[in-house]
Amino acid sequence: DDGADPETHNKYKEIIATLPRSNIRHWKVDLYQYEGFWFPLQPLEGLLLAQDYFKPQPNDVILSSLPKSGTTWLKALTFAILTRSSFGESTNPLLSRSPHDCVPFLELEIGSNPQNFNSNVSLVATHIPYTSLPKSIISSGCKIIYIFRDPKDVIVSLWHFSQKLSPEGVQTSTTEDLDLKEAFELFCEGVSIAGSYWNHVLGYWRASLESPERILFIKYENLKNETIYYVKKMAEFMGYPFSLEEEVNGVVQNIINLCSFENLSSLEVNQSGPRQFLSGMVGENNAFFRKGRVGDWKNHLTPEMATRLYQITEQKLSSSGLTL
Ligand code: A3P
């Protein structure tokens with residue numbers, strides 16, 4: 001039961017029944033095109049609920065991204081930044097809970113209580129494109145942190161991720177392997193979760209140009225290279241900057257260490273244990289942690305594929321001032 005009344009439910013069902021649908025098996029889920037972007041059924045229903053019901057708290061910070069762009073890392077870092085005075089080094093919830101259980105996804109979890117969706121911390125994550133965000137997020141002036149990543153690494157990560165999921169009750173090994181070439185093709189055409197990739201990034205980029213004080217743009221690759229700089233920047237942006245004393249005491253570095261790929265991926269809670277990704281779609285917690293590196297695409301994409309992504313990017317973003 002997702003908490004919405006039956007009438008609302010039917011209304012959504014009717015809307016969804018009219019949408020273009022892609023049931024190509026590549027992402028293992030059917031995708032529906034809504035307001036120009038593609039979503040699996042469950043997050044799409046969540047999106048509709050969120051558009052109708054979500055009321056952010058005044059201090060909420062929205063963490064937005066395309067899947068496989070560094071969402072897990074961003075959730076962990078912002079959670080650790082905001083909760084740093086409440087927990088000691090050995091008691092942070094991130095040590096015993098998945099970052100995804102510390103910071104909820106709006107469109108996946110609003111269903112359980114649409115009228116009163118509330119996160120434990122002032123953080124709400126989403127893959128919803130800027131133009132489809134609930135109006136309440138825009139009108140309340142909530143701050144947004146957007147993380148994005150080189151599309152070459154995103155498609156490779158997405159492809160691996162899809163292979164780790166399987167419909168409930170079915171062994172992963174018995175599901176057909178996804179063909180990277182075909183998945184790549186769909187990605188290029190914009191048919192991927194919350195895609196098109198380029199339109200998603202552009203939507204947030206344009207909004208951030210209009211109100212830079214409200215939207216912080218972070219590139220996964222930059223966060224990797226200059227983690228200290230960006231962690232401090234995030235803390236300032238969220239209105240909770242590190243004091244000199246904290247810096248001297250190594251608080252920034254402790255947060256970075258806690259949230260590092262090496263640390264998080266080695267924790268029991270993130271290693272195994274079943275996780276329901278979408279309704280009817282299961283996998284293990286470790287599906288969120290693969291390599292955590294920049295440039296792994298070189299091991300999977302051909303130079304031609306890289307050129308193709310480069311060309312699409314040029315064509316889509318050349319006039320935007322954004323470089324990927
Ligand atoms: P790879 O598949 O390239 O390894 P998301 O969190 O948006 O689903 O993105 C998942 C990607 O982020 C995966 O990339 C995953 O390994 C990487 N990742 C997860 N936790 C990370 C961390 N703490 N630091 C850096 N990268 C991380």
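These questions and answers walk through a predicted model of a protein with its ligand.

Residues are numbered from 1 along each chain as its sequence is written.

Reader: What is the mean pLDDT of the protein?
Author: pLDDT is the predictor's confidence in each residue, from 0 to 100. Of the protein's residues, 96% reach 70 or more. The mean pLDDT is 92.

Reader: What is the order of the strands in the open sheet with parallel pairing?
Author: Helices (H or I, at least four residues) and strands (E, at least two) are DSSP runs, numbered from the N terminus. Two strands pair if DSSP finds at least two bridges between them. Four strands make up this open sheet, in the order E5-E4-E6-E8.

Reader: Why is one side of E5 and of E8 left without a neighbour in the sheet?
Author: Strand E5 covers 123-126 and strand E8 covers 215-219. Both stand at the edges, so the reason is that each has a single partner strand.

Reader: Which residue in E6 is the bridge partner of Ser 65?
Author: Strand E4 is residues 61-65, and strand E6 is residues 143-148. They pair in the parallel sense over five bridges. Within E6, the partner of Ser 65 is Ile 147.

Reader: Which residue in E10 is the bridge partner of Ser 166?
Author: Another open sheet has three strands in the order E7-E10-E9, with antiparallel pairing. Strand E7 (166-167) and strand E9 (274-278) stand at its edges, each with a single partner strand. Two bridges join E7 to strand E10, residues 281-284. The partner of Ser 166 is Val 282.

Reader: How many residues surround the ligand?
Author: A residue counts as near a molecule if one of its heavy atoms lies within 4 Å of it. The closest are Lys 68, Thr 71, Thr 72, Ser 157 and Lys 291. The number of residues around the ligand is 19.

Reader: Which helix gives the largest share of the shell around the ligand?
Author: Helices H3 (71-82), H10 (220-225) and H14 (261-266) each give two or more residues to the shell. The largest share is three residues. That share comes from H3.

Reader: How many residues of the shell are charged?
Author: Ala, Val, Leu, Ile, Met, Phe, Trp, Tyr, Cys and Pro count as nonpolar; Asp, Glu, Lys and Arg as charged; the others, Gly among them, as polar. The shell has seven nonpolar and seven polar residues. The charged ones number five.

Reader: Which residue does a cis peptide bond join to Gly 195?
Author: Omega of this bond is about 15°.

Reader: What is phi of Lys 68?
Author: Lys 68 is found in the loop between E4 and H3. Its phi is positive, in a residue other than glycine. The value is near 75°.

Methods. This is a predicted model: local features need pLDDT of at least 70, side-chain atom pairs count only at pLDDT 80 or more; totals for chains, interfaces and linings use all residues. Side-chain values use heavy atoms; hydrogens and water are left out.
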